[in-house]
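Trainee: Could you walk me through the sheets in this one, and what packs on them?
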Amino acid sequence: MNHPSDLRDYLVLGAGAIGGTLAHHLAAAGHPVTLVDTDTEHIAAIRRDGITLTRRDGERRSVPVAHALTPDEADAAGITARRVLLATKGHHTRTAMTWLAPHLAEDGFVVSCQNGDNEPVIAELIGHHRVVGAFVNLFADVVGPGVIRDGGSAAFVIGELDGTLSKRVTETVTDLRAWGPVRQTGNVTGYLWAKHGFAEMLTTTALVDAPMASTIDRHRGVVTAVAREVNRIAAAEGHRLERFDAYDPAAFTDRADPTTTQAALDRLVAWLTTMPKDRSGVWRDIAVRGRRTEVHLDLEGHIRRAEAHGLPVPLLRRLDQMLTELETGQRTFADANVVELGQAAGTPTAAADRR
């Protein structure tokens with residue numbers, strides 16, 4: 001049982017899949033949680049009914065939070081936050097941090113629980129010393145106002161950007177273990193760059209209206225080539241990639257032999273098959289929510305870095321373009337999209353290259 005002195009308060013900025021899941025578990029453990037989100041219907045439902053988490057087995061649990069507010073309501077309330085979990089979409093980071101800055105306590109800090117490489121933007125607006133990095137491989141979806149569908153447990157690692165071990169990270173890790181197996185690391189950047197390679201493999205599956213696992217299995221050559229393009233950038237920048245869950249980044253580098261790569265793909269496909277969430281967030285953004293996906297921010301960043309190092313990234317460039325074509329209705333979801341992506345870079349596409 002938690003002692004009252006251990007029940008630290010949190011502001012969770014962004015009540016979507018990641019933020020909503022973490023807020024649910026923190027509140028269930030007794031922590032005072034303030035949720036802030038621009039979705040008025042979502043916030044109204046949380047304020048009325050609590051934040052609800054549903055599971056594959058049909059279990060449904062609602063937990064009240066201390067406050068559920070829109071940014072305007074939070075402004076009017078004059079809130080001040082010390083511990084902030086930032087869980088907005090990556091392309092909303094600057095807007096979110098501009099709003100948050102005057103609400104952040106002098107000794108406050110922000111943990112970037114987001115997809116993408118957003119720490120530099122956060123540091124620019126509030127100072128490098130107030131930013132904590134986080135690698136979150138959390139599978140979940142918002143399925144209705146105030147309702148999050150749990151996507152299963154996966155890796156979650158938090159660390160200071162300079163690699164030091166700190167009290168604030170230790171405390172945050174302790175609190176977030178209310179969700180699951182959160183760990184502290186001295187190499188959060190290595191996890192974030194490893195995730196970039198994995199994430200773009202999953203992004204490739206968003207070209208198809210089919211489960212991620214089966215799409216990767218059918219198009220092993222293409223997804224491997226995509227991950228390798230990302231990992232070449234990481235190598236050029238001197239990052240030491242970290243393994244997580246069923247993803248081994250070392251198997252998707254130019255030094256990996258084919259047997260190692262295929263074994264890694266076998267493990268990855270088997271693991272993804274067990275996850276309740278079978279399609280990527282990128283696919284869901286386009287197919288279900290009808291909105292531009294945040295992954296463009298990452299892809300464009302990868303392309304800029306690749307150019308700086310003189311690295312060709314034809315797959316990442318074409319993937320970015322194809323996603324835009326899906327978003328604008330110029331293209332439909334189809335297996336042929338992945339084949340086309342591979343052909344654009346002269347990459348094998350068929351399942352025949354599995355062995």
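Predicted model: local features only at pLDDT ≥ 70, side-chain atom pairs only at ≥ 80, totals over all residues.

Trainee: What is the strand order in the open sheet of eight strands?

Mentor: The order is β5-β2-β1-β6-β7-β8-β11-β12, and the pairing is mixed. The edge strands are β5 (67–69) and β12 (182–184), each of which pairs on one side only, and the twist averages 20 degrees from one strand to the next.

Trainee: In which sense do β2 and β5 pair?

Mentor: Strand β2, residues 33–36, runs parallel to β5, and three bridges join the pair; T34 has H67 of β5 as its bridge partner.

Trainee: And which strands does helix α1 lie across there?

Mentor: Helix α1 (residues 17–28) lies across β1, β2, β6, β8 and β11, and it runs at about 160 degrees to β2. Helix α6 (residues 167–176) also packs on this sheet, where it touches β1, β6, β7, β8, β11 and β12, with its direction at about 165 degrees to that of β11.

Trainee: Switching to the open sheet of four strands, what order do they take?

Mentor: That order is β4-β3-β10-β9, again with mixed pairing.

Trainee: Why is one side of β4 and of β9 left without a neighbour in the sheet?

Mentor: Because β4 (60–63) and β9 (140–144) stand at the edges, each has a single partner strand. The twist in this sheet averages 30 degrees from one strand to the next.

Trainee: What about β3 and β10?

Mentor: Strands β3 (residues 51–54) and β10 (residues 147–150) are parallel and share three bridges, with L53 standing opposite I148 in β10. Helix α1 packs on this sheet too, touching β3, β4, β9 and β10, and its direction makes about 105 degrees with that of β3.

Key. Residues numbered from 1 in each chain as written. Heavy atoms only, no water. Pairing = 2+ DSSP bridges. Helix = DSSP H or I, 4+ residues; strand = E, 2+ residues; numbered from the N terminus. Axes fitted to C-alpha atoms, helices over the stretch in contact; angles between N-to-C directions. Contact = heavy atoms within 4.5 Å.
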